[in-house]
Amino acid sequence: GRNFHVELPPTHLVKRGKYHSLSISLSLRRGETRKTEKIDSDRKKRKEVSSIDRDRGEEREKHHRHNHLQQKKKGKSSAMASKQQVRASHILIKHQGSRRKASWKDPEGRVIMNTTKESAIAQLKSLREDILSGKAKFDEVASRYSDCSSAKRGGDLGPFGPGQMQKPFEEATFALKVGEISDIVETDSGVHIIMRTG
């Protein structure tokens, strides 16, 4: 480092030894001061680094806690969603008033366009009585008579939740107990009987 040079009056020049030692002493002290400053600076840096590490650690912990809570919520919401789901099978008979006047068994809609709503209801009531009396099985009747493509699966629609079906259909299904068969339910698709299966 640079030395501190002290200007001494000419009368003291004779004591060069003392002046020299004073110059060295001041130089050493300056060196010690710089050394102390360097140590203080290093300590400060270490303190800042440890503070940053601590902050990062806290951030990581916050992030981990947030993710854990999100997963917990997700788990709860999916459990709730599965609780709200039902499963059902149905038999659909279409008529002149149906929004889509065609089906897998009547692709051109010739029969459907000539079927009144009243005759569709009468046909469905008769099929319902056969099922309730044990003359016929629900899935067999669905496979043969239903205008819905689910006929291929014996009328099974699989599981569904709120908002996935037309409102009258949804309300009727949720009101049933498992194994119960509904009365005639009317929707834009036609007339249905529904059996809740889950």
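**Group meeting: the sheet and the helices around it**

One of the links pairs serine 89 with methionine 195 in S4. Quick housekeeping: this is a predicted model, where local features need pLDDT of at least 70 and side-chain atom pairs count only at pLDDT 80 or more, while totals for chains, interfaces and linings use all residues. Numbering runs from 1 along each chain as its sequence is written, and side-chain values use heavy atoms, with hydrogens and water left out.

On labels, helices (H or I, at least four residues) and strands (E, at least two) are DSSP runs numbered from the N terminus. Pairing takes at least two DSSP bridges between two strands.

So, the whole sheet: four strands, open, ordered S2-S1-S4-S3, with antiparallel pairing. S2 (156-160) and S3 (185-187) are at the edges with a single partner strand each, so one side of each has no neighbour in the sheet. From one strand to the next, the twist averages 40°.

Now the helices. H4 (residues 138-145) lies across S1 and S4, at about 45° to S1; angles run from 0 to 180 degrees between N-to-C directions, using lines fitted to C-alpha atoms, for helices over the stretch in contact. Contact here is heavy atoms within 4.5 Å.

Which residues of H5 (residues 167-175) are buried? Phe169, Glu170, Ala172 and Thr173, buried being under 20% relative accessible area, exposed over 50%, and partly exposed in between (1.4 Å probe, protein chains only). The buried residues of H5 pack against S1, S2, S3 and S4. Lys167 and Ala175 are exposed, on the face of H5 turned away from its buried side.
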